[in-house]
Amino acid sequence: MSNYTVAPAPHVHGGDSVKKNMLNVIIALMPAYLAGIWYFGVGALIVSCVAMASCVAFEWLISKFLLKKQPQINDLSALLTGLLLGMNLPSSLPWWMVVIGSLIAIGIGKMSFGGLGNNLFNPALVGRVFLLISFPAAMTTWPVPDQLTLLGDNVDALTAATPLAYIKEGIFTTFTEMEMFLGNIGGSFGETCSAALILGLIYLLATRTITWHIPVSIIATVIIFTGIMHAIDPCTYASPLLHITSGGILLGSIFMATYYVTSPMTKAGQLIFGVGIGVITVVIRLFGSYPEGISFAILIMNAVVPLINRYVRPKRFGAK
């Protein structure tokens with residue numbers, strides 16, 4: 001008699017693994033990461049290293065002593081969370097705030113839901129938004145590129161407003177298009193270099209780590225919405241190009257919104273998800289009190305994902 005193994009789908013393995021996909025995302029982040037270190041110096045390096053080390057440490061400690069299960073830090077998910085969190089922070093942020101953000105990201109954003117695969121919200125964004133609400137002054141102090149030397153050394157470091165802050169005030173000529181594209185501007189150190197982020201997108205698409213649906217739908221929605229407003233009143237509303245190359249649109253749409261666990265399963269659902277993020281982001285940018293809205297938009301749409309998955313389902317095999 002033959003022995004049969006009964007197991008749930010899928011029954012054909014495509015060669016992917018959690019570790020492989022996480023590693024691909026980390027590799028794709030390297031151009032923007034290195035550009036951030038180039039512009040913001042050792043402060044960016046220390047912020048990112050503290051975030052990565054503390055995220056890995058907190059996941060190990062929570063798994064080992066609170067959840068009483070074997071830690072799974074080898075899958076690189078905690079390391080990626082720390083890297084994304086660090087790249088979403090100012091390079092001048094004090095180290096202890098970075099540690100608090102890591103604790104919130106891993107402890108509340110991820111492990112409180114049961115760990116990888118169960119969390120409803122993007123953990124790195126949970127940590128970032130918590131820090132933004134708790135420490136608004138520190139989280140909106142932006143060092144000028146090439147000026148910062150040490151983490152937390154804000155006394156002698158020069159600071160300046162980000163392009164989004166100028167756009168909010170209706171000032172559109174402070175930065176050149178080339179400066180915006182190459183990242184020689186203020187902001188979270190991982191979001192400033194548009195060229196590097198686009199390189200990361202190309203790598204993720206080429207390796208099939210992500211599909212185009214979420215990033216393209218977000219970016220297209222922002223372009224269309226801001227383009228309409230700019231056409232109506234170009235003196236009040238900035239051009240789509242300024243919106244795309246400033247702030248966290250590219251970092252958020254390419255690396256945060258595409259997080260597997262917190263995005264829809266179907267292609268149609270992903271398009272709806274992306275359009276929602278784009279609309280909310282632009283509404284906050286143009287009409288809200290915050291100059292940036294991508295983090296809030298992604299978290300809001302993360303909460304809608306179960307509803308999207310429920311009503312936008314893939315066609316059953318064999319169904320007409």
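Buried means under 20% relative accessible area, exposed means over 50%, and partly exposed lies in between (1.4 Å probe, protein chains only). Keep that scale in mind on this tour.

The model is predicted: local features need pLDDT of at least 70, side-chain atom pairs count only at pLDDT 80 or more, and totals for chains, interfaces and linings use all residues. Residues are numbered from 1 along each chain as its sequence is written, and side-chain values use heavy atoms, with hydrogens and water left out.

**Stop 1: the whole chain**

Show the protein chain as a cartoon. It has 14 helices and 0 strands. Helices (H or I, at least four residues) and strands (E, at least two) are DSSP runs, numbered from the N terminus. Buried residues make up 51% of the 320 residues. Now consider contacts, meaning heavy atoms within 4.5 Å. Of the contacts with a separation of 6 or more, 74% join residues 24 or more positions apart. Switch to a surface view. The accessible surface comes to about 15,400 Å², and 68% of it belongs to carbon and sulfur atoms. Accessible areas come from the Shrake-Rupley method with a 1.4 Å probe; for residues, only the protein chains shown count as cover.

**Stop 2: Lys110 and Glu59**

Select lysine 110 and glutamate 59. They form a salt bridge, with the closest N and O atoms 2.8 Å apart. The pair links distant parts of the chain, 51 residues apart. Lysine 110 is in the loop between helix H4 (95-108) and helix H5 (123-134), while glutamate 59 is in helix H2 (residues 42-66). Both lysine 110 and glutamate 59 are buried. A salt bridge here is a side-chain nitrogen of Lys or Arg within 4 Å of a carboxyl oxygen of Asp or Glu. By this rule the count comes to 2 salt bridges.

**Stop 3: Arg285 and Glu292**

Next, select arginine 285 and glutamate 292. This is a salt bridge too, and its closest N and O atoms are 2.9 Å apart. Arginine 285 is buried, because its relative accessible area is 5%. Glutamate 292 counts as buried at 16%. Side chains of opposite charge can pair when their charged atoms come close.

**Stop 4: Ser48**

Go back to H2 and pick serine 48. Buried or exposed? Serine 48 is buried, with a relative accessible area of 0%. A polar atom of its side chain lies 2.9 Å from the backbone oxygen of leucine 45. Now look past the neighbours within four places in sequence. Serine 48 is in contact with Tyr33, Gly82, Gly86 and Phe189.

**Stop 5**

Select residues 77-87. This is helix H3, and 10 of its 11 residues are buried.

Step back to leucine 76, in the loop between H2 and H3. Leucine 76 has a positive phi of about 70° although it is not a glycine. Most residues other than glycine have a negative phi. Leucine 76 is buried, with a relative accessible area of 16%.

**Stop 5: Arg208 and helix H10**

Jump to arginine 208, in the loop between H9 and H10. Arginine 208 has a positive phi of about 60° and is not a glycine. Arginine 208 is exposed, with a relative accessible area of 73%.

Carry on into helix H10 (residues 213-232). It has 20 residues and reaches 28 Å from its first C-alpha to its last, close to the 28 Å expected at 1.5 Å a residue. The expected span is 1.5 Å times one less than the number of residues. Color the buried residues of H10, including His213, Pro215, Thr221, Val222 and Met229. What do the buried residues of H10 pack against? Helix H9 (194-206), helix H11 (240-245), helix H12 (249-256) and helix H13 (267-287).

**Stop 6: a nonpolar patch**

Return to the surface view. Select Met178, Phe181, Leu182, Ile198, Leu199 and Ile202. These form a nonpolar patch with about 540 Å² of accessible area together. Patches are made of residues with over 30% relative accessible area and no salt bridge; like charges are joined within 9 Å, and nonpolar side chains (Val, Leu, Ile, Met, Phe, Trp, Tyr) within 5 Å. Helix H8 (177-182) and H9 each supply at least two residues of the patch. End on methionine 178, in helix H8. Methionine 178 is exposed, with a relative accessible area of 53%.

How values were computed:
A polar contact is a pair of N or O atoms within 3.5 Å; within protein, one must be able to donate a hydrogen and the other to accept it, and residues adjacent in sequence count only if both atoms are side-chain atoms.
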